[in-house]
Amino acid sequence: MAHIDQFRSAPVVETTTGGDRTMVLNMGPQHPSTHGVLRLLLEIDGETIVRIRPDIGFLHTGIEKTCEAKFYQQVVPLTDRIDYLCPMTNNFTYVLAVEKLLGLEVPPRAMWIRLMLNELTRICSHLVWLGTHAMDIGAMTVFLYCFREREEILKMFEMVAGQRMMTSYFRVGGVSMDLPLGFLDYLKNFAGYFPARIEQYSDLLTDNPIWTGRTKGVAKITTQDATDLMLTGPTARGSGVDWDLRRDMPYGGYEQLEFKVPVATEGDVFARYIIRMEELRQSISMVKQAIARLPEGPVKADAPKVVLPDREKMKTQMESLIHHFKIVTEGFTVPEGEVYQGVESPRGEMGYYVKSDGTAKPYRVHMRSPSFANLNALGVMCEHNLLADVVAAVGSIDVVLGDVDR
Amino acid sequence: MPLEPAITDMELLKDRVAVACLLAGLPGALLAAKFDRNELTLIVDQVQIVEALRLLRDSTETQFNALADVTSVDLYPAEPRFEVIYSLISYARRERIRVKVPISGLDPYVESVTPLWMGASPFEREIFDLMGIRFQNHPDLRRILMPDEWEGHPLRKDYPVEGYR
């Protein structure tokens with residue numbers, strides 16, 4: 001309640017143009033186009049925004065603190081809940097960081113499964129972005145089409161992990177279990193028709209005069225501002241920053257995939273839209289490459305002290321039973337040290353800083369979330385522009401409030 | 001891939017571009033360096049941190065033009081108690097380094113890097129909010145995630161997980 005009280009007694013936003021010319025308008029936290037609980041304080045002069053201040057923290061649940069009280073393997077389900085639109089990317093980042101701390105290498109099949117599902121997650125997340133962003137600006141149809149395809153992806157997540165959204169499928173040392181029967185056929189079928197569906201969305205929007213009118217030249221970010229404000233991902237690439245961690249600092253096997261990194265220089269909402277549409281095409285091509293190159297073999301690393309043994313082995317081998325008991329009750333210890341693992345999430349650089357003190361619980365886990373940094377762009381995007389474009393600007397940086405507040 | 005032992009010997013690390021740049025440009029600023037798990041960490045003096053980061057950003061040899069992350073660690077009850085950690089990226093050279101500043105627990109403060117990267121502002125506010133480290137010359141140092149009247153800094157190690165009851 002502090003936020004409201006503070007607002008009532010003394011507005012956070014000081015007036016700059018002075019006196020009676022400006023007023024403070026409150027947008028959110030319960031506003032449909034803030035994609036969660038983002039509260040924006042807008043100081044407006046007529047229809048023009050003089051200042052914009054985000055007020056965040058409504059979803060803060062202290063995940064970083066909670067991690068310090070959990071075993072390493074117990075942190076995986078917490079990471080899903082940060083950026084709930086791309087759970088696998090968060091799992092991926094965390095397990096990569098812990099594997100780096102342990103010096104553990106995963107078997108090839110697990111690596112390809114991870115890459116495949118990570119790219120599928122990107123598609124899933126971009127579909128939510130496209131649908132809601134288009135709906136914010138007024139194109140209802142796109143939303144329904146996007147969610148049709150997203151449902152198919154969520155079905156596949158359910159097949160592999162038993163969960164549609166909070167998957168927790170990746171484990172330190174591999175993935176929790178092998179792909180179920182019939183999954184690859186389902187995925188191949190999806191990968192077959194999905195490229196045509198991308199063109200459908202594109203047909204609805206790209207040349208649509210209403211869409212271009214609402215997005216072209218709106219909420220511009222310059223290249224210099226993009227680096228100054230620590231923007232990453234499609235938001236920065238739309239402003240001419242040619243940087244993609246998958247290509248420039250490959251992790252988890254991305255060096256073996258072929259893909260292009262789309263970059264646009266306009267820096268407006270339309271450029272960011274074009275970038276993400278192209279990323280959809282690249283992602284589905286990466287999924288296809290991963291299907292084609294998926295080898296047979298184990299899906300968990302051969303590290304009995306870290307990775308839970310198979311159920312079958314537990315019933316026949318004493319050693320396995322002991323390891324299982326030890327890992328579940330005491331966790332596994334991780335050698336002292338610290339790592340930072342950054343990956344390219346659908347929104348930008350998702351980074352996990354993990355520090356170990358040699359025990360079974362992490363000493364410190366910090367999440368560098370892309371949405372938190374990308375919110376910085378609100379000022380340059382909205383100030384001195386029209387009030388109606390705020391919705392387009394917020395949608396174009398694709399914020400997820402769980403990711404902002406953690 | 002088994003872990004290789006960390007390299008902390010400055011003689012072995014002085015050929016690294018970032019280390020060489022700091023040794024030449026700001027003598028005395030670099031307290032120690034460590035190369036562990038393929039990641040280079042520089043430990044820099046609290047007083048000269050902004051100058052060091054400015055040098056790393058602007059020098060034509062290092063070109064660490066992007067700041068990826070700012071975070072902090074509480075090493076309670078050790079002294080110096082806190083560490084503020086900057087993660088820098090050079091887009092041109094595709095390299096990432098970590099710069100650490102040890103900070104005393106008695107009066108935790110450090111100079112803000114917002115003049116170099118404006119985007120560091122919410123990251124520093126988050127550290128101020130959750131860890132209780134002040135950032136001097138920060139344009140708008142307020143709590144960001146916790147309510148304004150909250151007492152204590154939740155990420156400190158002497159703050160119980162369930163909160164004060």
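**Note on the two-chain model**

1. Buried residues account for 50% of chain A, which has 406 residues. The model is predicted, and every value below is computed from it.

2. Chain A holds 18 helices and eight strands. Its C-alpha trace extends about 80 × 50 × 35 Å along the principal axes. The radius of gyration of chain A is 22 Å, and a compact globule of 406 residues would come out near 22 Å, so the two agree.

3. One helix pair in chain A deserves a look. Helix H5 (residues 108-137) and helix H17 (residues 389-396) of chain A have axes that come within 9 Å. The crossing angle is roughly 175°. Angles over 145 degrees count as roughly antiparallel, and H5(A) and H17(A) are therefore roughly antiparallel to each other.

4. Which residues of H5(A) and H17(A) meet? From H5(A) come Thr132(A), His133(A), Asp136(A) and Ile137(A). From H17(A) come Val391(A), Ala392(A), Gly395(A) and Ser396(A). By class, the residues of this contact are three nonpolar, four polar and one charged.

5. Chain B has four helices and seven strands. Along the sequence their order is α-α-β-β-α-β-β-β-β-α-β. The radius of gyration of chain B is 17 Å, close to the 15 Å given by the globule rule for 165 residues, so chain B is as compact as a globular protein of that length. Its C-alpha atoms fill a box of roughly 50 × 35 × 30 Å along the principal axes.

6. Burial in chain B stands at 39% of its 165 residues. Among contacts in chain B with a separation of 6 or more, 49% are between residues 24 or more positions apart.

7. Now the contact between the chains. Chain A contributes 35 residues to the contact, and chain B contributes 33. On the chain B side, the elements giving two or more residues are strand S3 (66-74), strand S4 (82-90), strand S5 (95-103) and helix H4 (120-131). Which element of chain B gives the largest share of the side that touches chain A? That is S3(B), with six residues. The side of chain B that touches chain A divides into 20 nonpolar, four polar and nine charged residues.

Note on methods: Residues numbered from 1 in each chain as written. Chains lettered and ligands numbered in written order. Predicted model: local features only at pLDDT ≥ 70, side-chain atom pairs only at ≥ 80, totals over all residues. Axes fitted to C-alpha atoms, helices over the stretch in contact; angles between N-to-C directions. Parallel < 35°, antiparallel > 145°, perpendicular 65-115°, else oblique. Contact = placed C-beta atoms within 7 Å. Nonpolar A, V, L, I, M, F, W, Y, C, P; charged D, E, K, R; others polar. Rg over C-alpha atoms; globule rule 2.2 N^0.38 Å. Buried ≥ 20, exposed ≤ 12 C-beta atoms within 10 Å, placed from the backbone.
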